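Hello,

Here is the structure I said I would pass on. My notes on it follow below.

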Amino acid sequence: MIQLSGVRYRYETMVMAYDLTVERGSLVTVIGPSGAGKSTLLNLIAGFDRPQAGRVLIDGQDMTDRRPAARPITMLFQDHNLFGHLTVRQNVGLGIHPGLRLTRPDEAAIEEALARVGLAGFAGRRPWQLSGGERQRVALARSLVRHRPVLLLDEPFAALGPAQRRSMIGLVEDLRTDAGFTVVMVTHQTDDLHRVSGRAIFLEDGSIVADAPTRQMLTNPPHPAVAAYLGL
Ligand code: ADP
Ligand code: MG
């Protein structure tokens, strides 16, 4: 679903290089120290950063020169995913129509997406009337109505407590299975990953130094840098 071939991105003296294939419908977790290039990797897939060399393919199509809005992706950040002056319904509706000219079927799709993320009855609230976890659920509901099959998550649950984080990761897993999303998720909280499926990649100094099934990455790291990072 996602293919980075020979992608190079240089920021001042930092040179990042990525070759990566992500299977359709899978979950890839991205871990590694601060400054390793995790966010840059997502930004290159999303199109917020443009590589100086190499190609970015999504669903077999070359996206390298395409602007972010024209790529089949949704990106979720740790915070600031919602517009504070808009209601929950409108924030989700932006995923359907940026001018919020919503039809009756659109309204129904919004209600359905909110119910799917456990927020039935929250449509009239504003972001400040929600908890951090609820705000991220709204952002996930918006990605559901957008019908963009690639979900990029950059430490989206870092500000939440452990129980909420686990529940959010469970929701992401459910959405991946039900809606067929392909998910790439950056996280620092490796304790949350012991129950997730898929594979994990470990980044250091702008490159992927380990790539393994998530459970193996955490319990039997294939590279000493991973063991050091995990404190094993
Ligand atoms: P991570 O998400 O793993 O913490 P980043 O991808 O944000 O790392 O950054 C990787 C490196 O690239 C850092 O050294 C960072 O300073 C640098 N970098 C990349 N893009 C930018 C940018 N637009 N502005 C400032 N620094 C950047
Ligand atoms: Mg980052």
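Helix 4 is mostly covered, with 11 of its 15 residues buried (buried means under 20% relative accessible area, exposed over 50%, partly exposed in between, with a 1.4 Å probe and protein chains only). Helices here are DSSP runs of H or I with at least four residues, strands are runs of E with at least two, and both are numbered from the N terminus. This is a predicted model, in which local features need pLDDT of at least 70 and side-chain atom pairs count only at pLDDT 80 or more, while totals for chains, interfaces and linings use all residues. Residues are numbered from 1 along each chain as its sequence is written, chains are lettered from A and ligands numbered from 1 in the order in which they are written, and side-chain values use heavy atoms, with hydrogens and water left out.

The buried residues of helix 4 include Gly133, Gln136, Arg137, Leu140 and Val145. The buried part packs against strand 6 (73-76), helix 2 (88-93), helix 3 (104-116), strand 7 (150-154) and helix 5 (162-179), where contact means heavy atoms within 4.5 Å. At 1.5 Å a residue, the 15 residues of helix 4 (residues 132-146) should span 21 Å, and the end C-alpha atoms are 22 Å apart, which agrees; the expected span is 1.5 Å times one less than the number of residues. Just after helix 4, His147 has a positive phi of about 55°.

**Cores**

The largest nonpolar core has 42 residues, of which Leu114, Leu140, Val183, Met185 and Met217 touch the most other members. Helix 4 gives the most to this core, six residues. Apart from it lies another core of 28 residues, among them Met1, Val28, Leu41 and Val150. A nonpolar core is a set of buried Ala, Val, Leu, Ile, Met, Phe, Trp, Tyr and Cys residues joined through side-chain atoms within 4.5 Å.

**Hairpin**

Strand 1 (residues 2-11) and strand 2 (residues 14-22) pair in the antiparallel sense over eight bridges; pairing requires that DSSP finds at least two bridges between the strands. Val7 has Tyr18 in strand 2 as its bridge partner. Two residues lie between the strands of this hairpin, where Glu12 takes a positive phi near 50°.

**Asp192**

Asp192 sits in the loop between strand 8 (182-186) and strand 9 (199-204). Asp192 counts as buried because its relative accessibility is 7%. Not counting residues up to four places away in sequence, Asp192 touches Arg165, Arg166 and Ile169. The side chains of Asp192 and Arg165 make a polar contact (2.5 Å), meaning a pair of N or O atoms within 3.5 Å; within protein, one must be able to donate a hydrogen and the other to accept it, and residues adjacent in sequence count only if both atoms are side-chain atoms.

Regards
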